[in-house]
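Student: Hi! Can you walk me through this model?
Tutor: Happy to; here it is.
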Amino acid sequence: MKKYTPYILLFVLIIFPLVVRNSYYQHLMILVLIWVVIGSGWNIIPGYTGQVSFGDAAFFGTGAYTAGLFASKLGMSAWWGMAFGGFAAMAIAFPFGWICFRLRGAYFALASLALNEVCRHVATVWESLTNGMVGILVMPTFVSKIPYYYVALSLAVFSIIFIQSVMKSRWGYYFLSIREDQDAAESLGIDTHYYKMISLNIAAFLTGITGSLFMNYMGFIDPEVVFSLHDISIMAILVGIVGGVGTIYGPVVGAFVMVAVHEFFRTGFLGFFKTLASVTGSDFVNTVAKYVSQAHVLGFGILVVLVILYLPNGIVGDWDKIIGIFTRFKRKGESS
Amino acid sequence: MILFKIENLVKYFGGLAAVNGVSFSVNRGEIFGLIGPNGSGKTTIFNLISNFHKPSGGKIIFKDKDITNLKTNKICRLGIGRTFQVVKPLGRLTVLDNVIASAFLRVHNKTEATKVALETLEFCNLIHRKDDLAKSLPIGERKRLEITRSMATNPDLLLLDETAAGLNPGELDEAIELIKKIRDRGVTIIIVEHIMKVIMTISDRIHAINFGQTIAEGTPEEVANDPAVIEAYLGEEYAHGK
Ligand SMILES: Nc1ncnc2c1ncn2[C@@H]1O[C@H](COP(=O)(O)OP(=O)(O)OP(=O)(O)O)[C@@H](O)[C@H]1O
Ligand SMILES: [Mg+2]
């Protein structure tokens with residue numbers, strides 16, 4: 001059963017936009033697929049190679065701006081970004097990793113955080129190139145969401161198959177060795193600096209392409225959107241942690257959960273507070289309703305605490321535990 | 001024929017000279033014992049050889065090549081394997097995957113690496129544990145995993161740091177057998193060991209140090225009867241007994 005789950009899921013995803021014609025749900029599924037790729041890419045660095053990274057938005061934003069600049073500066077199609085965005089992100093990842101992978105543990109994590117902020121500031125300040133805070137607007141190629149959906153789905157499937165095959169190869173073994181014990185890995189002849197670079201660059205490549213897709217799909221980017229620390233970098237971490245760090249399907253599950261949670265907050269608990277405010281006519285509830293939609297970061301925080309406390313290996317990593325809890329409930333119910 | 005030598009090796013940690021001008025050379029095919037009381041600098045010498053620490057002075061020569069400032073992974077690639085006194089298993093990987101990861105140094109596809117790993121596990125008598133997580137092994141088998149892993153990198157010279165410490169008498173005999181078997185494969189060995197039964201029975205020659213300096217070198221009998229060695233060890237026992 002477990003063996004067939006991915007194929008069943010893939011089948012459902014393929015027919016989804018043909019069955020569900022509602023463009024709001026199609027939009028949410030595109031976001032989920034985008035987060036599957038970002039989460040899977042992020043997962044390679046801390047999940048498999050053991051280097052905690054807070055800088056995913058640097059790669060995402062670079063990919064997005066690559067696509068945007070093809071349109072705004074070269075007058076070409078923003079889809080060119082899909083071909084070059086990944087490499088542009090690697091061009092950021094390469095020097096960064098080269099220098100900062102000499103740092104270990106928390107120091108590397110802090111450096112990646114700094115990278116995120118540096119990129120955001122550069123994109124804000126370098127107005128002649130990026131239009132600064134004004135952002136870049138491109139005309140969407142398609143009115144329908146369906147083409148974007150299938151591009152995102154292909155990218156997600158490609159990422160997962162690619163990462164899966166990497167993890168079965170020599171590179172994968174080396175990533176895991178570095179995660180488990182960097183000194184042992186070095187002493188076994190593994191050039192840890194080099195393989196950390198490879199792992200970072202794979203992640204940057206996948207994340208960069210996704211950024212380009214995001215530009216094409218949303219039609220608008222500015223530094224606060226695509227270089228956002230909490231909406232991109234932290235969200236990537238949450239997708240990984242909630243789903244299960246260091247597992248292939250963890251980020252897939254994490255993407256579904258996190259997009260759902262994000263949307264739940266954005267809509268003010270699916271409009272619950274708005275309704276409540278209009279029913280009661282209370283100013284207080286009205287104010288709460290306004291802030292709740294912006295409080296997703298707080299919600300994320302609470303979610304992370306819960307996951308770390310009860311499912312430290314994420315939903316996929318602790319799947320047997322979750323099943324165990326449910327079967328115990330069932331048995332209790334039967335015996336009483 | 002000399003396979004490996006260190007010349008006048010020095011290492012300072014702050015003001016403390018952990019290793020202070022040690023020289024020795026090791027012949028191809030021999031088992032070379034390195035002994036000394038606790039804190040005398042044995043592990044530090046291994047860490048200098050594999051360049052976990054940068055030497056403050058001196059030279060390390062392997063196969064007539066100066067390897068003093070090569071990176072740790074390069075040194076392994078050239079054919080020097082090592083184990084750690086404080087074992088470093090890849091805890092959340094299976095025993096087999098631990099060994100596959102190191103076999104990948106010499107072969108580049110998974111099938112070949114798995115084959116080498118299984119052979120090495122068989123050779124080191126750890127095959128019955130191949131599907132267990134490395135972190136679930138008891139200390140004796142963890143030490144054996146350290147040896148298995150470095151053997152899978154196909155070394156010419158193997159540095160063993162107290163691989164027999166903490167073993168029961170039965171395991172001890174097994175460990176001695178294994179070390180001899182490794183030597184018979186043509187691997188030269190430098191072994192650090194406190195257990196006299198082990199070091200005295202298997203070493204061809206022994207080098208003794210104290211406070212980071214050489215105090216004796218020779219056959220096991222010569223070193224065991226050397227007044228400086230007796231003093232170093234008795235002195236230590238005396239200190240412990242105070
Ligand atoms: N990384 C380090 N930083 C500072 N001092 C160190 C370091 N490593 C070792 N030392 C010191 O160097 C000296 C030699 O230590 P070393 O571990 O080489 O001894 P050893 O001979 O292996 O002892 P043992 O038999 O207990 O394993 C000790 O005084 C130790 O405290
Ligand atoms: Mg030691």
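Student: Which residues are the closest around ligand 1?
Tutor: Gly39(B), Lys42(B), Thr43(B), Thr44(B) and His194(B) are the closest of the 14 residues that surround ligand 1; a residue counts if one of its heavy atoms lies within 4 Å. This is a predicted model, where local features need pLDDT of at least 70 and side-chain atom pairs pLDDT 80 or more, while totals for chains, interfaces and linings use all residues. Side-chain values use heavy atoms, without hydrogens and water.

Student: Nice. What polar side-chain atom lies 2.8 Å from an oxygen atom of ligand 1?
Tutor: One of Lys42(B). Another ligand 1 oxygen contact, at 3.4 Å, goes to an N or O atom in the Glu162(B) side chain. Ser40(B) uses a polar backbone atom, 3.3 Å from an oxygen of ligand 1. A polar contact here is a pair of N or O atoms within 3.5 Å.

Student: And how much of ligand 1 does the protein cover?
Tutor: 63% of the 640 Å² of accessible area that ligand 1 has on its own, by the Shrake-Rupley method with a 1.4 Å probe.

Student: Which element gives the most to that shell?
Tutor: α1(B), with three residues. Helices here are DSSP runs of H or I with at least four residues, and strands are E runs of at least two. By class, the shell has three nonpolar, nine polar and two charged residues; Asp, Glu, Lys and Arg count as charged, Ala, Val, Leu, Ile, Met, Phe, Trp, Tyr, Cys and Pro as nonpolar, and the others, Gly among them, as polar.

Student: Switching to chain A: at what angle do α7 and α10 cross?
Tutor: Roughly 175 degrees, with the axes of α7(A) (residues 146-168) and α10(A) (residues 192-218) coming within 11 Å. Axes are lines fitted to C-alpha atoms over the stretch in contact, with angles from 0 to 180 degrees between N-to-C directions. That makes α7(A) roughly antiparallel to α10(A), the term for angles over 145 degrees.

Student: Which residues of α7(A) and α10(A) meet?
Tutor: Among them are Leu155(A) and Phe158(A) in α7(A), and Leu206(A) and Ile209(A) in α10(A); contact means heavy atoms within 4.5 Å. The contact has 13 nonpolar, three polar and no charged residues.

Conventions
Residues numbered from 1 in each chain as written. Chains lettered and ligands numbered in written order. Polar contact = N/O pair within 3.5 Å; in protein donor to acceptor, adjacent residues only side chain to side chain. Parallel < 35°, antiparallel > 145°, perpendicular 65-115°, else oblique.
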